[in-house]
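Have the viewer ready and follow along.

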Amino acid sequence: MSPKAPITQDVMTIPRKLPEGKTNLVGLTRDQLREVLIAHGTPEKQAKMRTGQIWQWIYQWGVRDFAEMTNLAKAYRAQLAENFVIEIPEVVTRQVSEDGTRKYLCRIAGGHEVEVVYIPEEDRGTLCISSQVGCTLTCSFCHTGTQKLVRNLTAAEIVGQVMMARDDLEEWPTPGAPKDETRLLSNIVLMGMGEPLYNFENVRDAMKIAMDPEGISLSRRRITLSTSGVVPEIARTAEEIGCLLAISFHATTDETRDVLVPINKRWNIEELLQALASYPKASNSERITFEYVMLDGVNDSDEDAHRLIDHIKRHNIPAKINLIPFNEWPGAPYKRSSNNRIRAFANIIYQAGYASPIRKTRGEDIMAACGQLKSATERARKSRKQIEAETGLQG
Ligand code: SAH
Ligand code: SF4
């Protein structure tokens, strides 16, 4: 962690408006949107067309006010405004790191907070979004893992993070203007807070909306879902979302993985590898990312590197290995491996014929790096007893 102060920190105090009894249209699938329109007086015959129009206003043009939906009759716009809202999470604070990384703290219903991180790179801009407030799992190196699961995010809150970032990047196109193909926000990774496969339906619906060609229209190849290894949901991810997959692998023996990623007690390395080997989307052009956090003296030996390769080769998995230098957080029980160790580990993997990029640490000065996310208001630490009870449950 760098002790440096963030470059900027804006605190926004716009009050959250939650009009009683109105339905939020954000996060509904097209079918659900059509249903709520009909339920609130849109004639069935018109419903399909109205759904398409409203969808475009929300997801293509980023409009939040029904009054701006100029291809709808005035009276109909008023009727919509009476029954519905178009609402996304509210930005509470925004920090910009020295390296351009932006971290947003967003408030969602119930006063909970989630963090969202935008990482600009030369050829792309990646938004790291959260799927839960806290996490039920208790990976011992992860800051989020020390926070109890508060609740799952709704589909609106998940796709709303993408819409929020597009607002901040001022990336909604102007109706009628020529199409601009350069995208500040070109990729999404589900690598923020929470285990996305323990909130499957909401994550799926939100990503379907982000992929819809008449809206945000990100290709499924530009969305990566990271899981700690919820084996039964892995095949479903390919079938129902179709995005790329990353696995928090982190250890090469069950003994060590049981400690680092306790869900391993439920589905062990061999079961996980089998699920990956049969991931229907995996191919040479759509390789599975193995995330591997480098912890000094714990999982970073040459033997580990060789075992990792053996696992992947034995199952013939199209893979790339993403080495993540451990990001420390207050009270973390591990240290980051030395740069030399990380390079030596990467080299063994590279020699075996696999890409082994070392993930550049981004936004560390604002605690935006992998595994550092945790909302300031919800720092309640899990007790050891609780962690044991929960891992027992998973195990
Ligand atoms: N729950 C999902 C996605 C969120 S974590 C999962 O576990 O995959 C995103 C990635 O950051 C995971 O690979 C996670 O293991 C890694 N990570 C967590 N804490 C970290 C830390 N302190 N330093 C580096 N990487 C970390
Ligand atoms: Fe949850 Fe992922 Fe952190 Fe594990 S690494 S505690 S699954 S967020």
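The shell around ligand 1 divides into nine nonpolar, nine polar and two charged residues; here Ala, Val, Leu, Ile, Met, Phe, Trp, Tyr, Cys and Pro count as nonpolar, Asp, Glu, Lys and Arg as charged, and the others, Gly among them, as polar. This is a predicted model, where local features need pLDDT of at least 70 and side-chain atom pairs pLDDT 80 or more, while totals for chains, interfaces and linings use all residues. Residues are numbered from 1 along each chain as its sequence is written, chains are lettered from A and ligands numbered from 1 in the order written, and side-chain values use heavy atoms, without hydrogens and water.

In total, 20 residues surround ligand 1, each with a heavy atom within 4 Å of it.

| Residue and part | Ligand 1 atom | Distance |
|---|---|---|
| Phe 141, backbone N or O | nitrogen | 3.0 Å |
| Gly 194, polar backbone atom | nitrogen | 2.8 Å |
| His 250, side-chain N or O | oxygen | 2.6 Å |

Taken alone, ligand 1 exposes 540 Å², and the protein buries 95% of that (Shrake-Rupley method, 1.4 Å probe).

Now to the cysteines. The unreviewed UniProt entry places a "binding site" feature at Cys 135, Cys 139 and Cys 142; such annotations may be inferred rather than shown by experiment. Cys 139 lies in the loop between β8 (132-133) and β9 (151-152), and Cys 142 is found in the loop between β8 and β9. Cys 139 counts as buried because its relative accessibility is 15%, and Cys 142 is buried at 18% (buried means under 20% relative accessible area, 1.4 Å probe, protein chains only). Beyond neighbours within four places in sequence, Cys 139 is in contact with Leu 260, Val 261 and Pro 262, contact meaning heavy atoms within 4.5 Å.

How values were computed: Helix = DSSP H or I, 4+ residues; strand = E, 2+ residues; numbered from the N terminus. Buried < 20%, exposed > 50% of the residue type's maximum accessible area, 1.4 Å probe, protein only. Polar contact = N/O pair within 3.5 Å; in protein donor to acceptor, adjacent residues only side chain to side chain.
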